Amino acid sequence: MRSSEYKLRYRRPLATPVVYDDRANASMMSVEKLAVHDFWNAASCGEDLYLPDSSKEGFARHSQTRYELEPEILQFAEFAAWRGKQVLEIGVGLGADHQKFAENGAVLHGLDLSERAIRSTARRFELFGLQSELQVADAEQLPFPDASFDLVYSWGVLMHSPDTPTTISEVVRVLRPGGTTKLMLYHKWSFVGFMLWTRYALFRLRPMTPLIDIYMRYLESPGTKAYSVGEVRELLGQFEDIRISTGLTHADLLLSPAGQKHRGPLQSLARVVWPRWLIRRVFPRLGLFMLITARKPTDLAPLNPSAEPPRRS
Ligand SMILES: C[S@@+](CC[C@H](N)C(=O)[O-])C[C@H]1O[C@@H](n2cnc3c(N)ncnc32)[C@H](O)[C@@H]1O
């Protein structure tokens, strides 16, 4: 069974109990993708730190913490602008942004490589009485016909997939001509990268270790990539009207427990002496998040013009 065929169609009320078979989904993945899958299937992004439990209150608390720490999401996603539009979110994780799209009336599809993430988001949607077509699927093989969506949104996901250029081609393919993508990818020249490099390259007397290797090995799932603005422009070559911004995040400013995996005396000391004021003033662009908005040109021919887009009532 291909991972893209392993679907959870979620509508409220749930007609039949959903049976998940994580191994069946994972069995068709490359070694690299399996490592990514297993990393996120062990715990979704923010689950250990910000999701107290899987109750309605727990999910509400998770969302509250998320938007306190990452308020840039609210402005960037423009949740209210997508009412009545066909929206796909790739990599829903615990489903906080997905919930915002649903509450604002988008016609929603959501997917994630990890069954755990889909389970959590399905539970969140059930508790809040929201609707989305959720499924376990792979960003490198989106299970949708060409030209299906007005918006493809993905926050902190595509650089985890082993073949990021293919995920971008898939985004182009499933967007309608003139459709928009909003992506957050990791920015190479960030304080997070600098801190990791100091700890895992400089202090280990391996200063020649490329920054990119540090991200791949130590940031999150194995093989995670980070890009310069120029590299992302190249990656998004098929798009037009590309807008990219970078800014400092809670992780760059050591304002949250996000870097717990790397904790130790040095991190504790850094938290106390970190020159946040100076960093904000002198290096406001050296943050981990690269926020990207781009449009699919109207004259880019669909790969399969006869395919019907998905429809939901
Ligand atoms: C850093 S988390 C972000 C989750 C969510 N967007 C958020 O902001 O909390 C990365 C997510 O990407 C998912 N992911 C990684 N590779 C993927 C792929 N090829 N296809 C779909 N999802 C993928 C992971 O399972 C994980 O849930």
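**View 1. Strands S2 and S3 pair side by side in this predicted model.** Here you can follow S2 (residues 107-112) and S3 (residues 133-136), which pair in the parallel sense over four bridges.

View 2. H7 has 14 residues and reaches 20 Å from its first C-alpha to its last, close to the 20 Å expected at 1.5 Å a residue. Just after H7 comes Gly129, with a positive phi of about 65°.

**View 3. Helix H7 is mostly covered.** Of its 14 residues, 10 are buried. Among them are Ala117, Ile118, Ala122 and Phe125, and also the charged residues Glu115, Arg116, Arg119 and Arg124. Across the protein, buried residues make up 41% of the 313 residues.

**View 4. A shell of residues surrounds the ligand.** You can look for 22 residues here, the closest being Trp40, Cys45, Gly91, Gly93 and Ala139. Helix H2 (31-42) and S2 each supply at least two residues of this shell. Sorted by class, the shell has 11 nonpolar, eight polar and three charged residues.

**View 5. Stepping back, the protein has 13 helices and seven strands.** Consider the contacts between residues at least 6 apart in sequence: 72% of them join residues at least 24 apart.

Notes:
Residues are numbered from 1 along each chain as its sequence is written. This is a predicted model: local features need pLDDT of at least 70, side-chain atom pairs count only at pLDDT 80 or more; totals for chains, interfaces and linings use all residues. Two strands pair if DSSP finds at least two bridges between them. A residue is buried if 20 or more other C-beta atoms lie within 10 Å of its own, exposed if 12 or fewer, and partly exposed in between; C-beta atoms are placed from the backbone. Two residues are in contact if their C-beta atoms, placed from the backbone, lie within 7 Å. A residue is near a molecule or strand if its C-beta atom, placed from the backbone, lies within 6 Å of it. The expected span of a helix is 1.5 Å times one less than its number of residues.
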